[in-house]
Amino acid sequence: MTWFIIGIVVLLLIILGCSLWIVKLTKQEKEYMEVSNQYLKDIGKSYTKEEFSIAIFELYRNIIQAVQDENYLYLREALSDEIYNSYLMAIKNSKERHAKTIVEDMNPIFSKLISLAVKDNMEIAKVWLKVSYHEYIIDTTPPKPEELGMRMEPRVIGGSKTKLLEKEYILTLVKTRAEKESVVCANCGYVTNIVTRNACVRCGANIVSRHYHWVMVAKEETRTSSK
Ligand SMILES: [Zn+2]
């Protein structure tokens, strides 16, 4: 009898092992080539691929934060009309459901510049980004009259504050080609090499119009996993 149970357990372990192996085989890792720093230099860039891809990660994190803060002014500047409208719809839908998605502790696992093309008057960049973060949904139903004045922690109705999510995207960004790559702030003199917003990072003065800084035009999810 004991041998029979051991036999079954061994058999199950073998089946489990085989299925895990098959899953691993079918889930082939997709690898994208990074552009080289020499290439960036050749097309007249004053930044490295590392500097660029981390700036784009920060831009992406700011966009996600702006969605939560409903900072429409920022989103309008950082996104194409199409993506802006889709985020707007998402915000509106969650409001109607009295729910709000919170994203916290976003960190890059990697961020790689996989393409930077200069076409006529446009520059198009693709960044392969993998991030980790916590995501949960809180209930935003207005308090009942008897609950008014009571301080209550918002109720978590989905996701998890502790489970770390990992997501991978290909972000596409565009900007109008500028004569000079670096922008000097007229107000404080700060020099910005990778322009990801219209305002100066030091003093907040307007440095460029929307066309001359990187705007996110597409976000394609490539893989989802969680730990
Ligand atoms: Zn400034």
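Two strands pair if DSSP finds at least two bridges between them. Helices (H or I, at least four residues) and strands (E, at least two) are DSSP runs, numbered from the N terminus. The model is predicted: local features need pLDDT of at least 70 and side-chain atom pairs count only at pLDDT 80 or more, whereas totals for chains, interfaces and linings use all residues. Residues are numbered from 1 along each chain as its sequence is written.

**View 1. The hairpin of strand 1 and strand 2.** Two residues lie between these strands, and one turn residue, Asp 120, has a positive phi of about 50 degrees. Strand 1 (residues 99-119) runs antiparallel to strand 2 (residues 122-139), and 17 bridges join them. Ser 111 stands opposite Leu 129 of strand 2.

**View 2. Helix 3, residues 49-69.** The end C-alpha atoms of this helix are 30 Å apart, which agrees with the 30 Å that its 21 residues should span at 1.5 Å a residue; the expected span is 1.5 Å times one less than the number of residues. Just after helix 3, Glu 70 takes a positive phi of about 50 degrees.

**View 3. The buried residues of helix 3.** A residue is buried if 20 or more other C-beta atoms, placed from the backbone, lie within 10 Å of its own. In helix 3 the buried residues are Lys 49, Phe 52, Ser 53, Ala 55, Ile 56, Phe 57, Leu 59, Tyr 60 and Val 67. They pack against helix 2 (37-42), helix 4 (72-78), helix 5 (81-96), strand 1, strand 2 and strand 3 (156-176).

**View 4. The largest nonpolar core.** Such a core is a set of buried Ala, Val, Leu, Ile, Met, Phe, Trp, Tyr and Cys residues joined through C-beta atoms within 7 Å. At least two core residues come from each of helix 3, helix 4, strand 2, strand 3 and strand 6 (215-226). Helix 3 gives the most, with seven residues.

**View 5. The surroundings of Ile 56.** Two residues are in contact if their C-beta atoms, placed from the backbone, lie within 7 Å. Leaving aside neighbours within four places in sequence, Ile 56 is in contact with Ser 111, Val 127, Leu 171 and Leu 173.

Conventions: A residue is buried if 20 or more other C-beta atoms lie within 10 Å of its own, exposed if 12 or fewer, and partly exposed in between; C-beta atoms are placed from the backbone.
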